[in-house]
Amino acid sequence: YLMDFDAHILYHNGEAVAEVHGRALSVLEYFCTYPNSFKTIDNINEYLEQGTLSSSTVRGYVSDLIKTHKVFGTVIKNRRGYGYKYLGGKILTTAEDFSLPGKETAQELHHFTRMADEFLQDLSKAILYCPCKWGAYSYDEIPQNANTCEGVLALLLSGQEKSYKNLLSERIGYLVKETSPEGLQSKSLKAETVVPTSMYLHICKIYDDGRLMNHAKELALKLWEARGQSGWGLYVRDMKQYTNIGCTYWALMGLNGYDVIPQEAFQRYVGGLFRYENTFSYGGTIHDVNPKIPRLYATSMMYCVYQLLTAEHRKQIGNRYDPLKAISYIANHFDSPYFVSEREAIDGVETEKKLTVHTVSWNHMTMHYSMYAIALAIENGDIPQEEIPTILHRIVKMVQENSERSDGRLYGSGPDLTLERPQRGKMIFPSMHLVMGLSYLRQAVNKVTDSIEIGE
């Protein structure tokens, strides 16, 4: 269902099915602004008339909305003591001239591609504006290994290798010097860690100038040997119980495609991470399945990991994983303000050569992983073609609402990302991750556009 608030019309499959007017429309707008969040009668009253209406009047407006069309009764729930909750997902906001089925799909996809190109150009300006290539903040003077990997990946995945050949060669040369036989260090932790090592391996696959691959293959074997029964954790070694989906995702993405890794063993290992019946969403680890409040970054990552499997190994998983339900959840929730970034506390930090329950914070740029998942779903047909324009429209809107122009375009408006440090500027790595996600998505959309034009 698509709701055009300007025209006051609810559409389904391209046809107008209901008109929503007056206070009922205002209530719907309020609910759609805060999906998956209970709103009390007082909250709605304050929004409508600064609290001057009676409770029964407010309930009447909500009742009028629910009676307008059957879909409202399925997505707006009332729970005694909590209030009303809009579940999200089935009703998407739209402008008719862009998102309604029945328009020329190829034209809509071209529109997204143009917007994505504009975003990528502006985001790249902000990334390149940094005097140091790269730290966590825009004015940092000392590069960090993980941030350097993120900057290099952003430029490579967005197809800018030729434009910035000298810069990329210099930055990759820096990373080569920073690697040890065990991997790439995190400067803050002073130890080889999984994520920068995996990002470096990913870089070497994309940017193979003939000198990197032998060195990269040795690191790939080290990383493969560091796997635990439930994935990878912080450091490049078996982390036992201290594993997490974030490190596991990056390790698998880094290792995928290296011929020194036995492919049948790789497939069996990836398949073995999907262990529980009817799983579609995740918390922080592969054992935390279908939680009440899923982590969108982890759910998106595991959908992407699933795509690494061959058809035969997917068949062996059977109903232990439901990719269609997973991508439906991702597509319904990626633009929630709660998922601009998600903070995870990584256990297993080493102090005085001992692993402890001490934690280190990790801000996940969820949009990167959700867009990659959506891109893969578009390519493999898990998202129906008629739904693609609406999803792309929502992505454009989210980028616009969560970024600002500042020496290009900077992404990220979460509470942990907007804090400026006078001497360091603003965080730059969120923009790098948005570039990665947009690049994957643009590539997938271009494939669909090409197929439509060939068909015509």
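Predicted model: local features only at pLDDT ≥ 70, side-chain atom pairs only at ≥ 80, totals over all residues.
1. The largest pocket. Its volume is about 890 Å³. The lining comprises 36 residues, and those nearest the centre of the pocket are Ala146, Asn147, Ser188, Ser361 and Trp362.

2. Elements that supply the lining. At least two lining residues of the largest pocket come from each of the following helices: helix 7 (145-157), helix 9 (194-206), helix 11 (245-255) and helix 18 (429-455). The strands that likewise give at least two residues each are strand 9 (183-186), strand 11 (342-347) and strand 14 (359-364). Of the contributing elements, strand 14 gives the most, with 5 residues.

3. Sorted by class, the residues around the largest pocket are 19 nonpolar, 11 polar and 6 charged.

4. The sheet that contains strand 9. Strand 9, which supplies residues to the pocket lining, also belongs to an open sheet of 3 strands. The strand order is 8-9-10, with antiparallel pairing. Strand 8 (179-180) and strand 10 (191-192) are the edge strands; each has a single partner strand, so one side of each is left without a neighbour in the sheet.

5. Pairing of strands 8 and 9. These two strands are joined in the antiparallel sense over 2 bridges. Ser180 has Gly183, in strand 9, as its bridge partner.

6. Ser431 and its burial. Ser431 is a residue of helix 18, one of the helices that supply at least two residues to the lining of the largest pocket. The relative accessible area of Ser431 is 0%, and the residue is therefore classed as buried, the limit being under 20%.

7. Surroundings of Ser431. The side chain of Ser431 reaches the backbone nitrogen of Tyr411 at a distance of 2.9 Å. Leaving aside residues up to four places away in sequence, Ser431 touches Leu123, Ile127, Arg409, Leu410 and Tyr411.

8. Glu170 lies in helix 8 (residues 165-178). Its relative accessible area is 42%, a value between the 20% and 50% limits, so Glu170 is partly exposed, whereas Ser431 is buried. Glu170 and Ser431 are 261 residues apart in sequence, and their C-alpha atoms are 21 Å apart in space.

How values were computed: Residues numbered from 1 in each chain as written. Heavy atoms only, no water. 1 Å grid on protein atoms, 1.4 Å probe; cavity = no way out; pocket = protein on both sides within 12 Å on 5 of 7 lines; lining within 4 Å. Points joined across faces, edges and corners; volume = space filled by probe spheres on them. Helix = DSSP H or I, 4+ residues; strand = E, 2+ residues; numbered from the N terminus. Nonpolar A, V, L, I, M, F, W, Y, C, P; charged D, E, K, R; others polar. Pairing = 2+ DSSP bridges. Buried < 20%, exposed > 50% of the residue type's maximum accessible area, 1.4 Å probe, protein only. Polar contact = N/O pair within 3.5 Å; in protein donor to acceptor, adjacent residues only side chain to side chain. Contact = heavy atoms within 4.5 Å.
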